[in-house]
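Hi,

Here is the structure I promised to pass on. Have a look at it first, and then read on for what turned up.

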Amino acid sequence: MSTILGNTFKLTKDIEHNPKRDSIKLMLSELLRSDITGGEIGYHGSQMYRQFLGYLRIYNDRDRINRESFIKINELPSETIDLLTFGHQYIKSVNSLLLMPLLEMIPNAYKIIDPYWIYENHKNKYAEIDISSPSLNALVESFRLSKPFQIIKNRLNYAPQLKDIKEQDIANAVYSIIERIKKSGLKHCPDDLFETSLKINNPNPESIVSAIILCLINIHSSLQVIDQLLYQAFSSDKMISLDENNIYNVLHMGSNFISESIEVCSCELVHIPGVVIVIDLPFDKLPQKKKFCMVEQVQMKFSQEYGNEFIVGARCIDDCASSYPNLVNNIKLL
Amino acid sequence: MDLRYSENPTNDIWKKLLKYSFGSNVRKATGLTDESIVDAISGSIVQAHEYFATASRVTLNTSPLLMYYGCVNLLYGAASILTKEISQIKNHGASISIPTIDNSIGSVEVYLSSSLEGAFKIFNKVFSNDNHFPKQWKIRDILSYIPDLKNEFEDCYSGITSNCIPVEKVKRKNDKLDRIKLTDLKCEFQNITIVDFNKAYLNSQRTNEYIILREKLNANEIGVYSISGQKNLVVISNINGKEYYLGQIMAIFLGLFALSVLSRYHPAKWYHFVQKDDTGEKGLIEDFLLIAQRKLPNLVLNAILGKDLQFVYNTIGTTDLSKDYDPEDVKKIVLDEIRTGRMGI
């Protein structure tokens with residue numbers, strides 16, 4: 001398997017053999033237990049798309065949180081902080097290596113495409129570490145050769161003004177679109193984005209810039225998925241699977257120009273948004289039954305009349321590990 | 001379930017079965033050309049109808065025997081339609097034994113023979129998937145598999161639980177579920193083994209009032225229905241360390257067999273029971289015969305047609321909430337409308 005997704009899974013095998021992995025796994029499970037931490041860091045730290053950084057951010061801000069809210073964040077042992085820091089540095093270092101080609105092409109987008117960029121501040125700056133391995137090299141190489149990078153590379157000469165755009169302006173463009181995609185939910189997509197997509201292969205400068213922005217969003221999405229998969233390799237032994245043993249209803253299966261998405265009802269598992277899971281629908285006629293998906297919405301209902309219900313909405317992940325694959329599918333390489 | 005409205009279900013069911021009393025219909029349904037087989041099928045169906053009709057007009061003294069004859073004829077004809085050949089039945093395939101100490105009708109034992117030419121084995125092969133049976137059942141065990149008898153059964157044999165658990169089917173806007181009232185369970189649900197449960201349902205959930213059951217996607221529905229349309233799950237009996245259960249047709253067949261032998265060959269015991277009802281089981285036995293009258297032809301018709309027809313005035317046991325909207329649903333619909341621009345906002 002030489003796809004980005006395949007190479008990410010190979011890297012997760014490296015993580016499983018990392019000497020710190022078992023300690024990290026135990027530490028993460030203990031963080032979720034308030035009887036051990038004596039506080040609420042487990043609940044408030046396990047946030048979507050933040051992985052280890054979610055805990056570190058909360059912890060580093062504990063004085064203010066304890067002072068200004070009813071949330072209680074206790075001191076943690078230094079070993080715990082060391083392990084959280086190592087985990088975050090590991091993933092952060094992977095991101096930096098994967099984004100290296102962008103440093104050469106659009107340096108002003110290099111930092112902001114890292115999913116951790118918006119969560120980092122002066123209290124949460126972490127150095128990269130040396131984590132080189134053949135699996136990581138293969139992942140970096142497949143990432144560099146992926147379609148979004150090729151599209152950007154082929155179009156840069158036609159949009160020289162892109163290099164002059166401020167970093168913050170690119171961030172605003174990228175993150176405002178991501179925000180609107182999220183707000184529109186799994187089944188819908190922003191109308192203007194649809195219009196943009198229809199004209200995406202036009203040779204005018206606006207369409208070229210739009211194509212590059214969509215590619216940056218796609219790369220950002222791939223990194224979110226990769227980061228989460230690496231985190232899950234540290235934190236758990238098995239990926240959650242939604243299949244015939246826990247799904248009782250399929251509310252939605254569809255695709256738009258952003259992604260393919262699935263919404264299912266399950267009755268026993270709680271899925272935190274941002275987690276990567278396998279959805280294996282027991283329908284014989286589906287071309288591909290088993291799909292890797294990133295959970296985006298979870299609706300929980302608890303009732304004495306109807307029992308517990310979890311409605312899980314997820315976007316399917318493609319071989320490039322992106323949950324927004326269709327954003328670039330229609331873009332020609334040139 | 002295919003619901004058919006009927007003001008006289010028994011008549012309507014027999015009207016459909018009696019189509020096979022005409023050779024042309026048998027030939028059309030089976031493709032058989034051998035006249036002797038066609039006549040055997042038609043004759044069996046006609047005789048079955050007459051035995052059933054006669055049984056409904058006589059007293060409990062002889063009705064079990066007439067019902068059993070009707071049952072054997074009906075199953076024989078239907079089995080021949082389904083297998084497209086005449087079954088070579090040499091004996092009943094069962095016998096009974098009356099315990100000397102226990103006076104109860106429910107304690108009468110039914111022994112199944114291993115003869116492959118016995119009616120029980122032959123009919124079971126056609127109408128049930130289960131080939132594993134204990135050698136011995138008690139009449140009480142057999143009756144416990146008839147869902148329509150549940151209340152009467154448990155009233156009659158206090159302390160003994162029916163092997164049928166009523167299930168309420170709830171339909172909602174986007175999904176459906178089955179649920180069992182905790183008050184309908186005599187022990188913890190986890191300790192009960194249900195026939196084919198894991199093939200049909202996800203892990204059950206327990207709330208303060210119900211056991212909540214969600215069907216697996218693509219799974220075939222399990223359970224049996226009472227005449228009123230109430231779904232029931234069937235519990236597996238543990239007899240001498242082995243697990244068994246009886247399907248509806250075979251339970252009725254064995255029940256009728258045992259009662260017919262009692263009434264035919266043990267008139268003293270049967271007459272005493274009918275006249276005195278010392279054991280308090282008469283109501284239950286009468287109910288069983290009435291249910292067999294109504295239900296067996298329906299079950300056999302369904303087996304022949306490969307359908308699940310229910311002839312009822314109204315169904316019970318289903319709560320339909322599919323058209324109820326809670327505030328969250330309304331909010332979601334409005335949001336969807338706004339997102340898709342259909343509301344012009």
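This is a predicted model: local features need pLDDT of at least 70, side-chain atom pairs count only at pLDDT 80 or more; totals for chains, interfaces and linings use all residues.

Ala321(A) sits in the loop that links strand S6 (307–316) to helix H14 (326–329) of chain A. Its phi is positive, about 65°, although the residue is not a glycine. Is Ala321(A) buried or exposed? With 20 or more other C-beta atoms within 10 Å a residue counts as buried, and Ala321(A) has 30 of them, so it is buried.

You will find Asp277(B) in the loop between helix H10 (267–276) and H11 of chain B.

Back in chain A, take a look at helix H2, residues 21–31. Its buried residues include Ile24(A), Met27(A), Leu28(A) and Leu31(A). If you look down the axis of H2(A), the buried residues fall within an arc of 100°, so they line one face of the helix. On the other side of H2(A) you get Asp22(A) and Leu26(A), which are exposed. And what covers the buried residues of H2(A)? The cover includes helices H3 (34–37), H4 (41–45), H5 (52–60), H7 (78–105) and H13 (205–235) of chain A.

Last, the domains of chain B. Domain 1 takes in 2–158 + 241–313, while domain 2 takes in 164–235 + 315–345. Taken over C-alpha atoms, the centres of these two domains of chain B are 32 Å apart. Where they meet, 13 residues of domain 1 of chain B are in contact with 14 residues of domain 2 of chain B. On the domain 1 side, the elements giving two or more residues are helix H11 (282–305) and strand S13 (309–312) of chain B. H11(B) gives the most to that side, with three residues. By class, the domain 1 side that touches domain 2 of chain B has six nonpolar, two polar and five charged residues.

When you open the model, H11 of chain B is a handy place to begin: the loop with Asp277(B) lies between H10 and H11, and H11(B) is also the top contributor to the domain 1 side.

Cheers

Definitions and conventions
Residues are numbered from 1 along each chain as its sequence is written. Chains are lettered from A and ligands numbered from 1 in the order in which they are written. Domain bounds come from an automatic or database domain assignment. Two residues are in contact if their C-beta atoms, placed from the backbone, lie within 7 Å. Helices (H or I, at least four residues) and strands (E, at least two) are DSSP runs, numbered from the N terminus. Ala, Val, Leu, Ile, Met, Phe, Trp, Tyr, Cys and Pro count as nonpolar, Asp, Glu, Lys and Arg as charged, and the others, Gly among them, as polar. A residue is buried if 20 or more other C-beta atoms lie within 10 Å of its own, exposed if 12 or fewer, and partly exposed in between; C-beta atoms are placed from the backbone. The arc is that of the directions from the helix axis to the C-beta atoms.
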